[in-house]
Amino acid sequence: MFDIRLTDVPDETATRVVPVGPELDAEMSALAAATEGAGTAGRITVLPRPLRTPSRVLLAGVGDGGEAAWRAAGAAAIRETADDEALEIHLPSGVAAASVRGLAEGLWLGGYRYRDAPRPPRAREVRIYGAAHAESLAEARATARAAWLARDLTNTPSSLKSPEWLAGQIVAEAATRPGVTVTVRAGEELARFGGLLAVGGGSVSPPRFVEMSWQPPGATTHVVLVGKGITFDTGGISIKPRDAMKLMKKDMGGAAAVVAATLGAADLNLPVRVTALTPLAENAVSGSAFRPGDVITHYDGSTSENTNSDAEGRIVLADALGYAADVLHPDLVINLATLTGANAVALGKRTAALFSPDDELAAALTAAGAAAGELMWRLPLSDDYLDNMRSDVADRVSAPAGPGSVMAALFLRDFFGDMRWAHLDMSAPSWAEAHDLELTKGATGWGARTLLRYLTSLGGAASS
């Protein structure tokens, strides 16, 4: 990540960015009014200054002055400038801490570039003049670092991203954070993980089950984050069409998000115990691939009849949830998964589907997502469809007929046991087809920011 720092000494040579909007002081409001539309959130207006230093000034619209508007302004400003262009943002007096956080997040998120991209990373320094909110900048840095990691892991081609490779990346990242531990299970250690073994059985790259833990002294709340980690999804025997398969390197976006959020909790030293569970497998086609009609025995001992091997995510997640309930006994569990195409049909490309029987938890996650800039919408867990899940040979079928996202959530509900829980189906917003505000084309890292914002709220409650 490029550097952003606060300064109280202006640099007259750097390209200057001036935030404008109706909620700022009179001078800024007048400047915005003089240039039509300049105050719109995320709008950049360039004022050339021939033969002067700096040679141009950028007006960055901050709209209503909310955190999201400042985030949009930061993302737009970073895209408007060259990779090696020094940038200085002049803030009005009395700017709020949330504004600085939003601005810095937007700068970093909008300036993201995949670490193995042909173009080198941005080599620049961004200075923020006129603010003294160092804590907000640190929070923004941890959040952006988490989102960058989630994007990097998800953007990595599946020719490299085997379950073993991804587990190794998680171990390497954890090694840079004191207090974070990792256990990787493979081979015979997965004997009880029947769903993970079934889904990963068709690939030459065997599955892994990764457990990462951040357990600070004195933590009284334990949150388990579970993330789907399918490193590539062919659909298995129920093979996908070509177009549906092209982006399946992103099918581990949930795993990337929960790992990144856990590391972010460590970066911020949050007083909350966090465990990330990531079942990692490649769903491939071969003679050893699991078949429709196979009966799978999960970690908790219950069985599922496979009725669609392209509905593999819920099968590996069932093992992870069963493990969490049996071994970890957390205060709550949050599951993230690029689970169903029905998510996009119901809610479009920018909104995840939220399922939870817990009103308080659902409201808290929705609020955290809104603050972080990641939207979700709560959908019902209707028992009207339970008859569709009946099997003649197992406890349930894996892919019953009915509304796709709801049926997947009802399947997973069996494995949460007595835990407080929420499930986020974030298939649609995990990928952006083009630059859009703080999102860059490709993997969005969806969920990392929401989870970290939610964990921070728990940390604040624990420390107050």
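Colleague: What is the volume of the largest pocket?

Modeller: In this predicted model, the largest pocket has a volume of about 570 Å³.

Colleague: Which residues are the closest to its centre?

Modeller: The lining of the largest pocket has 31 residues, and K240, M248, T340, G341 and S427 are the closest to the centre.

Colleague: Which helices each supply at least two residues of that lining?

Modeller: There are four names to note: α7 (242–245), α9, α10 (342–347) and α12 (404–413) each supply at least two residues of the lining of the largest pocket.

Colleague: How do the lining residues of the largest pocket divide into nonpolar, polar and charged?

Modeller: The lining of the largest pocket has 12 nonpolar, 8 polar and 11 charged residues.

Colleague: Which residues line the largest cavity?

Modeller: The largest cavity is lined by V17, P19, A60, V62, W70, A73, G74, A77, I89 and L103. Both β2 (15–20) and α2 (67–80) supply at least two residues of this lining, and the largest share, 4 residues, comes from α2.

Colleague: And by class, what is the lining of the largest cavity made of?

Modeller: The lining of the largest cavity has 9 nonpolar residues, 1 polar residue and no charged residues.

Colleague: What about the second largest cavity; which residues line it?

Modeller: The lining of the second largest cavity consists of A150, T154, G253, A256, A257, M426, S430, G445 and W446. The elements that give two or more residues to this lining are α4 (134–155) and α8 (253–267). Of these, α8 gives the most, with 3 residues. By class, the lining of the second largest cavity has 5 nonpolar, 4 polar and no charged residues.

Colleague: Now the overall fold. How many helices and strands does the protein chain have?

Modeller: The protein chain has 13 helices and 20 strands. Its radius of gyration is 23 Å, close to the 23 Å that the globule rule gives for 464 residues, so the protein chain is as compact as a globular protein of that length. The C-alpha trace spans about 80 × 50 × 45 Å along its principal axes.

Colleague: What percentage of the residues count as buried?

Modeller: Of the 464 residues of the protein chain, 59% count as buried.

Colleague: On to aromatic rings. How many aromatic pairs are found in the whole structure?

Modeller: The search finds 9 aromatic pairs. One of them joins Y299 and Y323 edge-to-face, at 5.6 Å centre to centre and with 80° between the planes. This pair links distant parts of the chain: Y299 is in the loop between β12 (295–297) and β13 (303–305), Y323 is in helix α9 (residues 313–328), and they are 24 residues apart.

Colleague: Are Y299 and Y323 buried or exposed?

Modeller: Y299 is buried, and Y323 is buried as well. Ring pairs also link F193, F209, Y299 and Y323 into a cluster.

Colleague: Why does the pair of F416 and W421 count as stacked?

Modeller: The ring centres of F416 and W421 are 4.1 Å apart and their planes are at 10°, so the pair is stacked. Planes under 30 degrees apart count as stacked. F416 is buried, with a relative accessibility of 0%, and W421 is buried at 5%.

Colleague: Which ring does the charged end of R151 sit over?

Modeller: The charged end of R151 sits over the ring of Y112, 5.3 Å from its centre. Likewise, the charged end of R396 sits over the ring of F411, 5.8 Å from its centre.

Colleague: One last topic, the backbone. Where is the cis peptide bond?

Modeller: A cis peptide bond joins T53 and P54, with omega about -5°. P54 is in the loop between β3 (44–48) and β4 (56–61). Most peptide bonds are trans, and most residues other than glycine have a negative phi.

Colleague: What is the phi of L51?

Modeller: L51 is not a glycine, but has a positive phi of about 65°. L51 also lies in the loop between β3 and β4, and counts as exposed because its relative accessibility is 92%.

Colleague: And L437; what is its phi?

Modeller: L437, which is not a glycine, has a positive phi of about 55°. L437 is in the loop between β19 (431–432) and β20 (442–443) and is partly exposed, with a relative accessible area of 39%.

Definitions and conventions
Residues numbered from 1 in each chain as written. Predicted model: local features only at pLDDT ≥ 70, side-chain atom pairs only at ≥ 80, totals over all residues. Heavy atoms only, no water. Buried < 20%, exposed > 50% of the residue type's maximum accessible area, 1.4 Å probe, protein only. Phe/Tyr/Trp six-rings, centres within 6.5 Å; stacked < 30°, edge-to-face > 60°. Lys NZ or Arg CZ within 6 Å of the ring centre and 35° of its normal. 1 Å grid on protein atoms, 1.4 Å probe; cavity = no way out; pocket = protein on both sides within 12 Å on 5 of 7 lines; lining within 4 Å. Points joined across faces, edges and corners; volume = space filled by probe spheres on them. Nonpolar A, V, L, I, M, F, W, Y, C, P; charged D, E, K, R; others polar. Rg over C-alpha atoms; globule rule 2.2 N^0.38 Å.
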